[in-house]
Amino acid sequence: MRPIRTERLILRNWEDRDRELFHRINSDERVMEFFPFRRTRAETDAKMEEFRHWIEQDGYGFAAAEIAATGECIGFIGLLDTDDVPSLPNGAIEIGWRLVPEFWGKGYVTEASEAWLAFGFETLGVDEIVSFAVAENHRSTAVMKRLGMHADPSADFDHPSVPDSHPHLKRHVMYRLSREGWQAGKKAAR
Ligand SMILES: CC(C)(COP(=O)(O)OP(=O)(O)OC[C@H]1O[C@@H](n2cnc3c(N)ncnc32)[C@H](O)[C@@H]1OP(=O)(O)O)[C@@H](O)C(=O)NCCC(=O)NCCS
């Protein structure tokens, strides 16, 4: 992918120096509160390679976010093709995020997401971008609302990859943003 520059961040593909951070965002208890798995370092090294390959191939994905002023990687924000959500057609475009806790509460996710929404609607030309989270993940749904996405309870679903051992993590709420909604939000913000 071509790196995307925002006011404070560089959104880019993963690099070898990000391996420790990538492991943290897949194993830290606070970050992973709403996920049923914790990945080992060997598993995250392999997963990072997978992410890197798809981002290289497609030009987008769950990409690294780096603070431009310091070069520090803080997590990921990006777009992804979804194919395992029962209430969405295969290939729907999802926006998702995961940061290490010391960088929560500074607006970095909203800032990066605005750039990714512009990339999705303008460069990829998609008609809609969705996001979903465990219903109790209010920090995540707050980002969705801040971005102008709206809840669509008719598309809420039980995530098929969450095992029965974690029933409280199954139910996911759906948020949507259409191209028209995104354009209207941009006009209103001017
Ligand atoms: C979900 C998650 C990405 C949200 O991160 P976040 O830092 O709260 O999100 P934002 O970047 O939008 O920051 C918003 C917060 O920064 C504050 N903020 C400060 N400066 C800001 C700015 N310039 N612009 C916007 N918000 C700003 C906002 O007031 C808000 O604070 P609040 O939480 O006290 O209301 C983060 O909590 C996380 O990584 N969680 C674990 C992983 C996870 O659950 N991922 C989602 C799975 S669906």
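In this predicted model, an oxygen atom of the ligand lies 3.0 Å from a polar backbone atom of Y108.

| Residue | Protein atom | Ligand atom | Distance |
|---|---|---|---|
| Y108 | polar backbone atom | oxygen | 3.0 Å |

The protein buries 68% of the 950 Å² that the ligand exposes when taken alone. Strand 5 (92-99), helix 3 (108-124), strand 6 (128-134) and helix 4 (138-146) each give two or more residues to the shell around the ligand. Among these elements, helix 4 makes the greatest contribution, with 4 residues.

The ligand is surrounded by 19 residues, of which L99, G105, V109, T110 and R146 are the closest. By class, this shell comprises 10 nonpolar, 5 polar and 4 charged residues.

A separate description applies to the second largest pocket, which holds about 280 Å³ of space. This pocket is lined by 14 residues, and those closest to its centre are E114, L117, W182, G185 and K186. At least two lining residues come from helix 3 and at least two from helix 5 (179-189). The lining consists of 7 nonpolar, 3 polar and 4 charged residues.

Terms used:
Residues are numbered from 1 along each chain as its sequence is written. This is a predicted model: local features need pLDDT of at least 70, side-chain atom pairs count only at pLDDT 80 or more; totals for chains, interfaces and linings use all residues. Side-chain values use heavy atoms; hydrogens and water are left out. A residue is near a molecule or strand if one of its heavy atoms lies within 4 Å of it. A polar contact is a pair of N or O atoms within 3.5 Å; within protein, one must be able to donate a hydrogen and the other to accept it, and residues adjacent in sequence count only if both atoms are side-chain atoms. Accessible areas come from the Shrake-Rupley method with a 1.4 Å probe; for residues, only the protein chains shown count as cover. Ala, Val, Leu, Ile, Met, Phe, Trp, Tyr, Cys and Pro count as nonpolar, Asp, Glu, Lys and Arg as charged, and the others, Gly among them, as polar. On a 1 Å grid over the protein atoms alone, a cavity is a set of points where a 1.4 Å probe fits but cannot get out, and a pocket is an open set with protein on both sides within 12 Å along at least five of seven lines; lining residues have an atom within 4 Å of a point. Grid points are joined across faces, edges and corners, and a volume is the space filled by probe spheres set on the points.
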